[in-house]
Amino acid sequence: MRKGVAYDMGLWPLEVALLRRWRRRLWSGVRGPRVLELGSGTGLNFRYHPPGVSVTALDSDPDYLRHSAERSRGDGGDAPSLVRGSAEALPFPDSSFDDVVASFLLCSVEDRERVLEEAHRVLRSGGTLRLLEHCKPSGRMGDIFSRAAPWVSERFGDRIDNEPTPLLRAAGFEVRSVDTTAGRTLRLIVADKVPAAESKGMDSPPEKPS
Ligand SMILES: C[S@@+](CC[C@H](N)C(=O)[O-])C[C@H]1O[C@@H](n2cnc3c(N)ncnc32)[C@H](O)[C@@H]1O
């Protein structure tokens, strides 16, 4: 079975039960007009791209990119430009996008700090990063996730102790909102690239469970 088909089939129950709703929310605030989707995978977000914006979708995996190209042809909307590349070394000039959007990327990449620095670099000042991520839950469950993380990461390449907010701040973003569900394991994070002079002394926004 092709890799992209296997990915979509494996995720399908969760898509129907939960993720479609959250993908729609992820994209609902995107105004563009220049939008970069990072780690676009098999193109499960494409149907939620808002009309009238120009989306560049980047992924490092050629099989997923091929699968997403077929999907975008079937969708009938504005097809995104597909780019094979690394989120750790984006092939775009500084300040070339108004929005950067990604779902389930930070749990997959090797170097999350570098990816966020790159997202910050290619965003214009005042631009927005929107992330949908599965994250480490709070409390005792979080401790269990932390202990199991190296084992899971080695076998499945997935980071279950993902905690993006401090990394976002370190990369120069101001976290505007964090919406959570499923015991805080699913989070929609919206963060802004603020001009340097305005970015001092920002506090964390409260998390909103949905
Ligand atoms: C868990 S999948 C998520 C795919 C899609 N965003 C979704 O929501 O279904 C992670 C994706 O990130 C891509 N990826 C992982 N590391 C990457 C990197 N360094 N640069 C670009 N894409 C990467 C993988 O190829 C894969 O398509």
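**Entry 1: Pro-33**

I began with Pro-33, which I located in the loop between helix 1 (3–28) and strand 1 (34–38). The model is a predicted one. I then looked up the peptide bond that leads from Gly-32 into Pro-33 and found it cis, with omega near 10 degrees. I noted this bond because most peptide bonds are trans.

Ser-95 has a phi near 55 degrees. I placed Ser-95 in the loop between strand 3 (81–84) and strand 4 (97–103). Phe-104 likewise shows a positive phi, near 55 degrees. Phe-104 belongs to the loop between strand 4 and helix 3 (112–122).

Ser-95 comes out at 36%, so I recorded Ser-95 as partly exposed.

**Entry 2: helix 4**

I traced helix 4 over residues 139–156, a run of 18 residues. From its first C-alpha to its last, helix 4 reaches 24 Å, close to the 26 Å expected at 1.5 Å a residue. Where does helix 4 bend? I found a bend of about 45 degrees at Ala-148. A proline, Pro-150, follows within four residues of that position.

I also listed the buried residues of helix 4, which are Gly-142, Ala-149 and Val-152. For the spacing of such positions I kept in mind that an α-helix has 3.6 residues a turn, so residues three or four places apart point the same way. Just after helix 4, I noted that Gly-157 takes a positive phi of about 65 degrees.

**Entry 3: the ligand**

Which residues come nearest to the ligand? Of the 20 residues around the ligand, I recorded Tyr-7, Gly-39, Asp-59, Glu-88 and Ser-103 as the nearest.

I then went through polar side-chain atoms facing the ligand. For Tyr-7, an N or O atom of the side chain is 2.7 Å from an oxygen atom of the ligand. For Arg-23, a polar side-chain atom lies 2.8 Å from an oxygen atom of the ligand. Finally, I looked up how much of the ligand is covered: taken alone the ligand exposes 590 Å², and the protein buries 87% of that.

Conventions. Residues numbered from 1 in each chain as written. Predicted model: local features only at pLDDT ≥ 70, side-chain atom pairs only at ≥ 80, totals over all residues. Heavy atoms only, no water. Helix = DSSP H or I, 4+ residues; strand = E, 2+ residues; numbered from the N terminus. Buried < 20%, exposed > 50% of the residue type's maximum accessible area, 1.4 Å probe, protein only. Expected span 1.5 Å × (residues − 1). Bend = angle between axes of the 7 residues up to and from the residue. Near = heavy atom within 4 Å. Polar contact = N/O pair within 3.5 Å; in protein donor to acceptor, adjacent residues only side chain to side chain. Areas by Shrake-Rupley, 256 points an atom, 1.4 Å probe, with all protein chains shown as cover.
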